[in-house]
Amino acid sequence: MGKAAALVPPSCGRLASSSPHGSLSTPASPSHAMSEPLREASGPTLPLLPPPANSDTHKGWLHKWTNYLKGYQRRWFVLSNGLLSYYRTQAEMGHTCRGTINLATTHIDIEDSCTFVLSDSGRTYHLKASSEVERQHWVTALELAKSKAIRMMNNQSDDSGDEEPTSQSDKSELHATLRTLASKLDDLSQCNELIAKHGAALQRSLSELENLKLPAESGEKIKTVNERATLFRITSNAMINACRDFLDLAETHSRKWQRALQYEREQRIRLEETIEQLAKQHNSLERACRGAPALPTSSTEVSSASKARGRHVKGETSDEDEETEYFDAMESAPEFITVTTDPTKHRRTGSNISGTSSDQTETWNLDDHVFECQHQASFTASASREAKPYRKRRTQIPDKPNYSINLWSIMKNCIGKELSKIPMPVNFNEPLSMLQRLTEDLEYHELLDKAARCDNPAEQMCYVAAFSVSSYSTTTHRTAKPFNPLLGETFELDRLEESGFRSLCEQVSHHPPAAAHHVYSKYGWTLWQEITIASKFRGKYLSIMPLGAIHLQFNSGGNHYVWRKVTSTVHNIIVGKLWIDQSGEIEIINNQTKDKCQLKFSPYSYFSRECARKVTGVVTDTDGRASYILSGTWDEKMEFAKVVESSQDGTSCEGKQKTVYQTLPPKVLWRKYTLPDNAENMYYFSELALTLNEMESETAPTDSRLRPDQRLMENGEWEEANVEKQRLEEKQRAVRRLREAEAATAAEEGSEYEPYQPVWFEKKEDPITGDDMYVYKGGYWECKETQDWKMCPDIF
């Protein structure tokens with residue numbers, strides 16, 4: 001009973017209550033989340049006098065979660081005699097109690113440094129202390145009170161009037177069982193009386209036989225029979241006493257067992273209702289997302305819509321307090337608000353005008369298509385190229401086999417092994433390497449081509465920001481992991497004639513895994529980066545944190561931009577359908593002009609009023625004046641709007657002051673390409689991703705296209721791919737062991753040993769960030785011209 005009670009309440013409590021914590025938690029019923037104020041405002045329900053001075057009590061202020069309109073409210077809590085009661089104020093203790101929970105049947109769950117949850121079969125309290133120390137004091141007091149309450153409940157009679165009621169059918173069943181046991185005990189008692197009666201008669205007969213003149217041998221046998229009859233009578237009496245004790249024990253504990261059974265039944269019913277309600281809400285959200293507009297033109301529209309929803313929900317409940325306070329449980333106040341103005345009517349007045357010139361305002365034309373999809377019309381420079389028939393790239397790969405993944409069958413053979421040495425099958429992969437996945441960042445290289453032609457650094461920053469966001473657009477449905485590159489593995493993407501750029505990646509380190517990337521474009525820009533992946537598994541989700549800086553330099557003007565990637569989170573690792581979210585902030589800095597762009601990736605929240613996958617940003621100059629506002633989603637499109645005026649909003653939310661930007665109407669800066677037909681059966685690859693693993697001639701022997709296990713998986717031969725994958729990994733381990741042995745031998749001999757060095761990249765200190773990073777040292781494309789690959793290692 002104790003184990004079940006400890007396991008069930010936390011999950012059920014969080015799901016079945018309007019929990020403010022967890023991005024995917026949801027109440028079992030919307031009415032449940034709004035019913036507490038009605039219950040609390042209904043007047044005195046349980047008068048509770050102040051506890052006597054000599055009793056074990058604990059009192060103090062805590063913030064209690066009420067609903068999503070009013071959030072946490074300050075309440076006075078009193079812990080006494082195993083009961084936790086709360087009041088609006090201390091003055092209410094003499095006449096009105098707003099709620100009481102019995103700690104004997106309550107589960108205590110700690111959610112974070114200040115928040116804890118109390119849940120039993122009927123209610124759930126989400127409580128927040130002012131500090132971690134205060135929270136620990138309360139939890140300690142509650143645990144002690146709970147243990148005392150359980151001992152008192154076990155020691156007291158089962159006929160006490162404070163027991164939890166059970167259903168009439170359960171009581172009838174219980175009484176019928178007890179009547180049957182009592183009837184059987186009566187039968188046993190009658191049998192015992194008969195046994196005693198006949199046993200006594202038997203002993204009298206045996207005594208009479210002993211008094212007769214019988215041979216000595218017969219007397220001994222009679223005496224033995226008499227002793228056995230006595231033992232039989234004693235045994236039968238012991239059996240009857242044991243049966244009587246069993247019935248007494250059953251009567252004593254039957255109600256406790258019945259309460260435990262009833263509790264488990266209620267929890268099961270609540271969980272089933274919660275899951276059903278969650279499924280309905282999930283379907284409603286999906287339908288709403290399909291029918292919702294792509295993105296509001298200004299955040300004021302979102303605010304008004306959110307307020308309308310708030311008024312609608314508020315109408316279904318009543319205010320708990322006369323002075324209603326509204327809290328946002330999921331997210332902080334917005335940092336800025338944008339208001340769209342008509343460029344033909346705008347007049348520059350006031351002192352808070354941004355650094356945007358009137359000439360720039362007049363040239364803001366909505367008919368100017370900032371970003372043109374390459375499938376419709378390439379940008380101007382590419383359209384004027386000399387006609388040369390380019391290679392026709394493939395548009396499809398073999399469909400993904402429908403192989404089921406049994407996680408337990410994979411992990412049960414890995415118990416006791418190091419996590420880094422567990423051979424993960426290709427079932428979790430997609431037929432691309434991490435180097436190829438890194439090259440996918442160039443799918444929207446046209447943004448950088450157009451940025452190279454910008455004379456205005458602020459406008460150029462907008463294109464760079466859109467490019468940094470566009471690299472996440474391919475991750476929406478891509479939940480499979482790419483192949484981990486072998487040390488020394490490379491990948492080239494030579495699109496110099498078609499798209500004007502060349503890209504080269506190399507796996508430069510294995511522990512920790514790190515990849516270096518260098519891109520050259522003949523249209524006036526160069527990009528280089530070194531990415532190291534750090535990951536943390538947190539049970540339900542996996543956080544992937546790319547480490548390392550991304551550098552982008554334009555030849556014209558010499559603008560040099562630096563930024564870092566945000567955190568990617570893979571949800572539902574153990575149970576449910578996998579989905580990916582991006583969260584965090586990207587700060588892009590132009591190290592020449594000191595312009596900045598602060599991009600914020602809002603994490604997904606079930607209860608958030610904002611659209612999913614939202615990205616917002618502000619482009620500011622070295623003095624902090626805003627020139628452009630960016631908004632959109634990382635999986636669909638980005639828009640930018642020119643700032644014409646900014647001012648401080650006098651209103652504040654939770655002490656935070658907002659900046660109001662008056663902007664011209666926004667224009668589309670970047671829009672995601674549509675996926676190819678049948679993409680769901682081709683790992684949701686984009687048109688660029690479909691071509692990355694296509695075989696090409698004259699590549700280096702370490703190129704990812706030549707990796708045999710990856711090729712077998714793409715062709716649908718997963719069993720053979722698993723065998724080949726293990727062979728490659730073992731070959732890499734053997735080379736590493738040999739290298740370690742050589743290093744140990746050199747150390748013993750006192751000679752120098754040169755560690756592994758990448759072929760095409762070398763480590764240098766970054767003059768901007770001050771960190772060591774691998775940069776391209778040249779020579780690859782020259783070796784490709786001569787097909788001289790003798791310096792490449794044998795990794796496949």
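Leaving aside neighbours within four places in sequence, E714 is in contact (heavy atoms within 4.5 Å) with R394, I397, P398, P431 and N693. This residue lies in helix α14, helices being DSSP runs of H or I with at least four residues and strands being E runs of at least two, numbered from the N terminus. E714 counts as buried because its relative accessibility is 4%; buried means under 20% relative accessible area, exposed over 50% and partly exposed in between, with a 1.4 Å probe and protein chains only.

The model is predicted, with local features needing pLDDT of at least 70 and side-chain atom pairs counting only at pLDDT 80 or more, while totals for chains, interfaces and linings use all residues. Residues are numbered from 1 along each chain as its sequence is written, and side-chain values use heavy atoms, with hydrogens and water left out.

Helix α14 (708-714) is among the elements that cover the buried residues of α15, together with β10 (481-483) and β12 (501-510). Those buried residues are W718, A721, N722, E724, K725, L728, E729, Q732, R733 and A746. An α-helix has 3.6 residues a turn, so residues three or four places apart point the same way. Helix α15 covers residues 718-749, and its 32 residues should span 46 Å at 1.5 Å a residue; the end C-alpha atoms are 47 Å apart, which agrees. The expected span is 1.5 Å times one less than the number of residues. After α15 comes G750, with a positive phi near 80°.

Strand β12 also pairs with β13, and β13 pairs in turn with β14. Two strands pair if DSSP finds at least two bridges between them. The two pairings are set out below.

| Strand pair | Sense and bridges | Residues between the strands |
|---|---|---|
| β12 and β13 | antiparallel, 9 bridges | 2 residues, hairpin |
| β13 and β14 | antiparallel, 8 bridges | 3 residues, hairpin |

In the second, S521 stands opposite W525 in β14, and G524 in the turn has a positive phi of about 105°. Strand β13 is largely enclosed by the rest of the structure, because 7 of its 9 residues are buried.

H518 is placed in β13 (residues 513-521) and counts as buried at 19% relative accessibility. Not counting residues up to four places away in sequence, H518 touches R502, S503, L504, T526, L527, W528, F761 and Y776. The C-alpha atoms of H518 and R502 are 8.3 Å apart, with 16 residues of separation in sequence.

W525 is also one of the residues with the most contacts inside the largest nonpolar core, along with I588, L599 and L630. That core has 64 residues, and its largest share, 9 residues, comes from helix α12 (residues 457-470). A nonpolar core is a set of buried Ala, Val, Leu, Ile, Met, Phe, Trp, Tyr and Cys residues joined through side-chain atoms within 4.5 Å. A second, separate core of 18 residues includes L79, I101, F116 and A129.

Beyond four places in sequence, the residues that L630 touches include C462 and C597. The disulfide count comes to 0, a disulfide being a pair of cysteine sulfur atoms within 2.5 Å. For C597, the nearest cysteine sulfur is that of C462, 6.8 Å away; C597 is buried, with a relative accessible area of 0%. The sulfur of C783 is 7.4 Å from the closest cysteine sulfur, in C792, too far for a bond. C783 counts as buried at 13% relative accessibility.
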